[in-house]
Amino acid sequence: MSTLLDYLNNLDSNATAIATHNADPAGYMTQFGLNAAEQQAFMSGDKAAIATLIGIDPADLPKINAVNTDLTY
């Protein structure tokens, strides 16, 4: 499993990790073991780059939940 995927799972399930990341993202990512490419992809929010780095096809990523702004119905 990739370190980036481990990091994402850690943030998804650990409130302390989220707080630590929010306080010092670069420091926490480095401490966790993410390399420069992983850090850049994460901080950019580039889902395709993240998917590639964790070893999945970007098409397999879940769709982003979006608020429906179409009030015509």
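Is Gln40 buried or exposed? Gln40 is exposed, because its relative accessible area of 54% lies above the 50% cut-off for that class. The model is predicted, and this briefing covers two helix pairs, α1 with α3 and α4 with α5, together with two glutamines of helix α4, Gln39 and Gln40.

**Helices α1 and α3**

- Helix α1 spans residues 3-13 and helix α3 spans residues 25-32; their axes come within 10 Å and cross at roughly 125°. With that angle, α1 is classed as oblique to α3.
- The crossing in which α1 passes α3 is right-handed.
- On the α1 side, the contact involves Thr3, Asp6, Tyr7 and Asn10, which meet Pro25, Tyr28, Met29 and Phe32 of α3.
- Sorted by class, the residues of this contact of α1 with α3 comprise five nonpolar, two polar and one charged.

**Helices α4 and α5**

- Helix α4 (residues 36-44) packs with helix α5 (residues 47-54) at an angle of about 145°, and the two axes are 8 Å apart.
- In this pair, α4 passes α5 in a crossing that is left-handed.
- Helix α4 contributes Ala37, Glu38, Ala41 and Phe42 to the contact, while α5 contributes Ala49, Ile50 and Leu53.
- The contact of α4 with α5 contains six nonpolar residues and one charged residue, with no polar residues.

**Gln39 in helix α4**

- Gln39 is a residue of helix α4, and its relative accessibility is 16%. Gln39 therefore counts as buried, the cut-off for that class being under 20%.
- A polar atom of the Gln39 side chain lies 3.1 Å from the backbone oxygen of Leu34.
- When neighbours within four places in sequence are left aside, Gln39 is in contact with Ala26, Met29, Thr30 and Leu34.
- One of these partners, Met29, is also among the α3 residues that meet α1.

**Gln40 in helix α4**

- Gln40 likewise lies in helix α4. Gln40 is exposed at 54% relative accessible area, whereas Gln39 is buried at 16% relative accessibility.
- The C-alpha atoms of Gln40 and Ala26 are 9.7 Å apart in space, and the two residues are 14 residues apart in sequence.
- Ala26 is also one of the residues in contact with Gln39.

How values were computed: Residues are numbered from 1 along each chain as its sequence is written. This is a predicted model: local features need pLDDT of at least 70, side-chain atom pairs count only at pLDDT 80 or more; totals for chains, interfaces and linings use all residues. Side-chain values use heavy atoms; hydrogens and water are left out. Axes are lines fitted to C-alpha atoms, for helices over the stretch in contact, and angles run from 0 to 180 degrees between N-to-C directions. Helices (H or I, at least four residues) and strands (E, at least two) are DSSP runs, numbered from the N terminus. Angles under 35 degrees count as roughly parallel, over 145 as roughly antiparallel, 65 to 115 as roughly perpendicular and the rest as oblique. A crossing is left-handed if the near helix is turned anticlockwise from the far one by less than a right angle, and right-handed if clockwise. Contact means heavy atoms within 4.5 Å. Ala, Val, Leu, Ile, Met, Phe, Trp, Tyr, Cys and Pro count as nonpolar, Asp, Glu, Lys and Arg as charged, and the others, Gly among them, as polar. Buried means under 20% relative accessible area, exposed over 50%, partly exposed in between (1.4 Å probe, protein chains only). A polar contact is a pair of N or O atoms within 3.5 Å; within protein, one must be able to donate a hydrogen and the other to accept it, and residues adjacent in sequence count only if both atoms are side-chain atoms.
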